[in-house]
Amino acid sequence: MQSDGTSSGYPGWHATTILMVRKGDHVVIGGDGQVSLGPTIIKSNARKVRRLGKGSVIAGFAGATADAFTLFERLEAKLEQYPNQLTRACVELAKDWRTDRYLRRLEAMMLVADKEAGLVISGTGDVLEPEGGIMGIGSGGMYALAAARALVDQPLTAEEIVRRSMAIAGDICVYTNGNLVVETIDAG
C-alpha cells in the first residue's frame, strides 16, 4: 500500500461524502457530487445517491464508481430475492462481497436505508447499524457525521441536518463539494 492509501500505482481516488440521518418520521441520505483524481477535480456533479428496490430503498456510495455500480446492481438483485428485507439483502450482499473472487476486489462502501433500517455495508463483510441513526462515509464522512451529531438535537428536520452537515463537510474536506443529491424516505 502506498502512502496515499491506495494499493495500485495510480493516484488515490477521493470521491465523496455520504451522510445518513434518521430523525422523526424521515430517513435522509445525501451525497456530494465531487470526484477527484489526486489533486484534480474530474467531475463536480456525480450522482452517488439513488433509489433502489422500486423506490423503497435509498443508497449512497463512496469509492470507485464502477465498483459502486456493480454493488448497486448486486444489492438490487438481493432486494428482489428478499423483498422488504433490507437487512437480509445487505447481509447476503456482504457475504458475496467478502467471498466472491471478483467482488472481493471492489473498493467501495455503501450506506443504505429503508423505512425500518439504515446500514453501512463494506467489502470486509461489515453490515453495521449506526448509533443514533446517523452515519457518514467517504472522504468527508467523519466531518459530516460530527456536524450531524451536533445538530440532531436542534429543531431541524432530517433533511435540514443533512444539508447543513454536508455544507460543513464541504467547507473542511477538499474532496467534498456543495452539489448535493438528497433522497428522503418517509419512515412513519
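This is a predicted model: local features need pLDDT of at least 70, side-chain atom pairs count only at pLDDT 80 or more; totals for chains, interfaces and linings use all residues.

Me: Which residues of helix α3 are buried?

Reply: A general idea comes first. An α-helix has 3.6 residues a turn, so residues three or four places apart point the same way. In α3, which spans residues 141-151, the buried residues are Gly 141, Ala 144, Leu 145, Ala 147, Ala 148 and Leu 151. These residues lie on the same side of α3, because they cover an arc of only 165° around the axis.

Me: Which exposed residues does the face turned away from the buried side of α3 carry?

Reply: That face carries Met 142 and Ala 150. As for the buried residues of α3, their cover includes β2 (17-23), β11 (134-138) and α4 (158-172).

Me: In what order do the five strands of the open sheet run?

Reply: Strands of a sheet pair through backbone hydrogen bonds, either parallel or antiparallel. Here the order is β6-β7-β8-β9-β10, with antiparallel pairing. β6 (49-52) and β10 (127-128) each have a single partner strand and stand at the edges, so one side of each has no neighbour in the sheet.

Me: How many bridges join β6 and β7?

Reply: Four bridges join β6 to β7 (residues 57-63) in the antiparallel sense. Leu 52 has Val 57 in β7 as its bridge partner.

Me: Where does helix α1 lie?

Reply: Helix α1 (residues 65-81) lies across β6, β7 and β8 (108-113), and runs at about 40° to β8. Helix α2 (residues 86-99) also packs on the sheet, where α2 touches β7, β8, β9 (118-122) and β10. The direction of α2 makes about 5° with that of β9.

Notes: Residues are numbered from 1 along each chain as its sequence is written. Side-chain values use heavy atoms; hydrogens and water are left out. Buried means under 20% relative accessible area, exposed over 50%, partly exposed in between (1.4 Å probe, protein chains only). Helices (H or I, at least four residues) and strands (E, at least two) are DSSP runs, numbered from the N terminus. The arc is that of the directions from the helix axis to the C-beta atoms. Contact means heavy atoms within 4.5 Å. Two strands pair if DSSP finds at least two bridges between them. Axes are lines fitted to C-alpha atoms, for helices over the stretch in contact, and angles run from 0 to 180 degrees between N-to-C directions.
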